[in-house]
Number of protein chains: 2
Amino acid sequence: MRGGKRDKPIAGTDEVPKAVVSRLSLYLRELQRWLRAGQDTISSTQLGKTLGLSDSQVRKDLAYFGQFGYPGRGYRCDELIQKIKRILGTDKLWPVAVVGLGNLGRALLGYRGFTHQGFQIVVGFDIDVRKIDQPIDGVPIHHLRELPEVARQRGIRLAILAVPASAAQEVADQIVAAGIEGLLNFAPVSLTLPASVNVVSVDLAVELEQLSFAVVKRASREAGQSQLDTRNEPSV
Amino acid sequence: MRGGKRDKPIAGTDEVPKAVVSRLSLYLRELQRWLRAGQDTISSTQLGKTLGLSDSQVRKDLAYFGQFGYPGRGYRCDELIQKIKRILGTDKLWPVAVVGLGNLGRALLGYRGFTHQGFQIVVGFDIDVRKIDQPIDGVPIHHLRELPEVARQRGIRLAILAVPASAAQEVADQIVAAGIEGLLNFAPVSLTLPASVNVVSVDLAVELEQLSFAVVKRASREAGQSQLDTRNEPSV
């Protein structure tokens, strides 16, 4: 047990809300899109616009991490990209393990889409002996019991958990015991893990709500459109 | 081809950025949490706080959809929950189909966690004849070719795509042909679909960035902690 001042988080590291970090990812994508489109600079208004965020929100989010941008000129895209990548830790490539090689796990092994975002899946694990020692899409496969050794050898600190819900807690415990520090959890269960391990779970309900909103919106727009049609073009 | 004024989106339905809709989901979770904790009202400051959003951002987001809240008293939790659910379309229960019954698909069939958020998985589809006609966790399974008929019978407008990447586009085409209006895509591929179909894809890179940030932050905090330890407690 420790007491006194040292328990207070160090300023600028601990007080950042998760949602701010999520928005950093969105800013990064937007900046990369602008840079690809040949734009060298961007204002906080422009950066927030397609995300539906006000310029002051953008500035407030970035202010958690320091002073960026140039008065009257906005941000330099390449500079802010590098700074956000450094904040997110993705200025270097993270080797990632996939644990559980069902359809999703196997699909992830073959997915190269986030390599340029700083993550590379370098190894897969399973307990099904039929899957072991047969590389999938060039990625080597090991038995889960070899995770501690492979993680240490390859410097793996992040893992994706893609096992069925029934096995998730037990496998997550093994992953944590292997020294993995961050876990992306696809199993639809709430995991109980030590506070020292960072867990991100994909919330399906939130994603589904985006869809139901869009479907309802479209239906109501088409109903409105059809009312307009009726008003302007009486049936003949 | 249509021209003139009717092509303009109807105010208040079409101009809502996706990020605002995402935040509605977060507001909804936060309001539900407050209500469970016995709080009847909440201010925009309180509603934004754990999400790292300013009170003005919260008010601006909600203003897309109308006038909520009471001056000087904030929002009534139960009332705002109902209003957000109506906006998101989740004031009624949506029957959802899962297409592709590998590990993830099967895990979803057994997952009841988002039923109280307005979504219920009522049927699964696959092309593997061994999986068909054997209910999984009580959910009936059909061959994919029966999707149009089952979707019509059960009023299914949303589907979750959980097939391997290699099959995703072809199966998505079939889902769209069956009249499904919203698709939650777990396959790590970018789907090409008609504009009339709403697609949400889970962006793994964004999720992984949350983890890398947290891991880097923890490492830097522990380094800082250990510096403090050294300063305050010289080794004996």
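I began with V206(A), which is buried at a relative accessible area of 13% (buried means under 20%, exposed over 50% and partly exposed in between, with a 1.4 Å probe and protein chains only). I worked on a predicted model, in which local features need pLDDT of at least 70, side-chain atom pairs count only at pLDDT 80 or more, and totals for chains, interfaces and linings use all residues. Residues are numbered from 1 along each chain as its sequence is written, chains are lettered from A and ligands numbered from 1 in the order in which they are written, and side-chain values use heavy atoms, with hydrogens and water left out.

I located V206(A) in helix α8 (residues 204–232) of chain A; helices are DSSP runs (H or I) of at least four residues, numbered from the N terminus. Setting aside neighbours within four places in sequence, I found V206(A) in contact with S25(B) and R29(B), where contact means heavy atoms within 4.5 Å.

I next looked up the relation of the copies. Chain A is superposed on chain B by a rotation of 180° with 0.0 Å of shift along its axis, at an RMSD of 0.0 Å (least squares on the C-alpha atoms of residues with pLDDT of at least 70 in both). This is the relation of a two-fold axis. Both copies use the same surface, since 100% of the contact residues of chain A recur in chain B.

I then turned to helix α1 (residues 18–36) of chain A, whose axis comes within 9 Å of that of helix α4 (residues 77–88) of chain A and crosses it at roughly 150°. Axes are lines fitted to C-alpha atoms, for helices over the stretch in contact, and angles run from 0 to 180 degrees between N-to-C directions. The two helices, α1(A) and α4(A), are therefore roughly antiparallel (over 145 degrees). Among the residues making this contact are L24(A), L28(A) and W34(A) of α1(A), and I81(A), I84(A) and L88(A) of α4(A). I noted its classes as 13 nonpolar, 2 polar and 2 charged residues (Ala, Val, Leu, Ile, Met, Phe, Trp, Tyr, Cys and Pro are nonpolar, Asp, Glu, Lys and Arg charged, and the others, Gly among them, polar).

Last, I checked α1(A) against helix α3 (residues 55–63) of chain A: they pack at about 110°, with axes 10 Å apart. Hence α1(A) and α3(A) are roughly perpendicular (65 to 115 degrees). The contact is made by V20(A), R23(A), L24(A) and Y27(A) of α1(A) with Q57(A), V58(A), D61(A) and L62(A) of α3(A).

Terms used:
Parallel < 35°, antiparallel > 145°, perpendicular 65-115°, else oblique.
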